[in-house]
Amino acid sequence: MKVGFMGTPDFAVPVLEALISAGHQICCVITQPDRARNRGKKVIFSPVKTAAVEHGIDVLQPEKIKGDETVFRFLQEQNPDIIVVAAYGQIIPKSILDLPKYGCVNVHASLLPKLRGASPIQHAILQGERETGVTIMQMAEGLDTGDMIAKVRTEVGRKNGQELHDELAHLGAELLTETLPLIEAGKIAPEKQDDSMATYAGLITKGDGKIDFSRTPQEIERQIRAFDPWPGAYCGYGDGQMKIWKAECLDGERKGVPGEICGVSDEGIDILCGGGILRVEEIQLPGKKRIEVKAFLRGNFIEKGRILG
């Protein structure tokens, strides 16, 4: 098939690569504009742009796709059979949705109608979902409201955000390449979403990583996994912050206030939470690398009774 592709972050790259490997003709790639990132404000290509350039594919980077006639005319000239969207980051206008012969399909990292929106992977972990997956969806004007074409499932388990992200990206890529020939052959049976079952996963911000120790250890442990690698789960420590990268929940109760360190050993730092104890096993202090607590304690002292903010 002649495919137009829209995507921006790392999640979309395996999808693009799978389309190329499957022999589809990628006529164009549309991605978000280059942005200045990191402390040096160096302008960096999106992961999708980097992949497209490596394959010699034309790239278009509109600041805002809605209402941009240049984008519409460009796609008209390219005349794709279908447009594949994977984490593009902008709402696609109806004029573009209706343009290709087979419309636009989206590779969405949840089992729709659950977790519509921008950050379904993190929210699957945060909400304690037992399973999640990828849905191939025929795009409509609403936010992830289109008819479902295909799904693949996986267990969430104890995976962190990065591990689940990478798994779903590859599962989505495989599912898409299996689904496109069925779309072309007219062998799909789209299923409408039950809007009454819909849940939403809004954008994650840096502030979402702040730990509230009055919450249960189970909730905090999921927060730690969900926000690995970004924005990271953190708490106040002295005059700065401590990021917590790995922890487990302990049975039992001890007297004290939420955030109080009630035990320190090579096994970890035990912190009182709402209704339980969180054992922290891997931390990071400002300007330092991630380190296991056991290794950190060889050259550092953590005071029992201290309260983390």
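Mentor: Two strands pair if DSSP finds at least two bridges between them; strands (E, at least two residues) and helices (H or I, at least four) are DSSP runs, numbered from the N terminus. Keep in mind that this is a predicted model: local features need pLDDT of at least 70, side-chain atom pairs count only at pLDDT 80 or more, and totals for chains, interfaces and linings use all residues. Residues are numbered from 1 along each chain as its sequence is written, and side-chain values use heavy atoms, with hydrogens and water left out.

Trainee: Got it. How many bridges join strand 2 to strand 5, and do they run parallel or antiparallel?

Mentor: There are 2 bridges between strand 2 (residues 25–30) and strand 5, and these strands run parallel. To see them, find V29, which stands opposite V59 in strand 5.

Trainee: Switching topic: why is strand 12 called largely enclosed?

Mentor: Strand 12 (residues 233–237) has 4 of its 5 residues buried, so the rest of the structure largely encloses it. Buried means under 20% relative accessible area, exposed over 50%, and partly exposed in between (1.4 Å probe, protein chains only).

Trainee: And what joins strand 12 to strand 13?

Mentor: They are joined by 5 bridges and run antiparallel, with strand 13 covering residues 240–250.

Trainee: Which charged end sits over the ring of W245?

Mentor: That is R290, whose charged end is 4.1 Å from the centre of the W245 ring. Likewise, R306 lies over the face of Y237, at 4.3 Å from the ring centre. A charge sits over a ring if NZ of Lys or CZ of Arg is within 6 Å of the ring centre and within 35 degrees of the ring normal.

Trainee: Now helix 5. Is H123 buried or exposed?

Mentor: H123, which is in helix 5 (residues 120–126), is buried, with a relative accessible area of 15%. Not counting residues up to four places away in sequence, H123 touches L115, A201, G202 and I204.

Trainee: What about Q122: how accessible is that residue?

Mentor: Q122 is found in helix 5 too, and at 23% relative accessibility it counts as partly exposed. Beyond its neighbours within four places in sequence, Q122 is in contact with I204, A226 and F227. The C-alpha atoms of Q122 and A12 are separated by 16 Å, and the two residues are 110 apart along the chain.

Trainee: Last one: how many helices and strands does the protein chain have?

Mentor: The chain has 8 helices and 17 strands, and 48% of its 309 residues count as buried. Its C-alpha atoms fill a box of roughly 65 × 45 × 35 Å, taken along the principal axes. Among contacts with a separation of 6 or more, 64% come from residues 24 or more positions apart.

How values were computed: Contact means heavy atoms within 4.5 Å.
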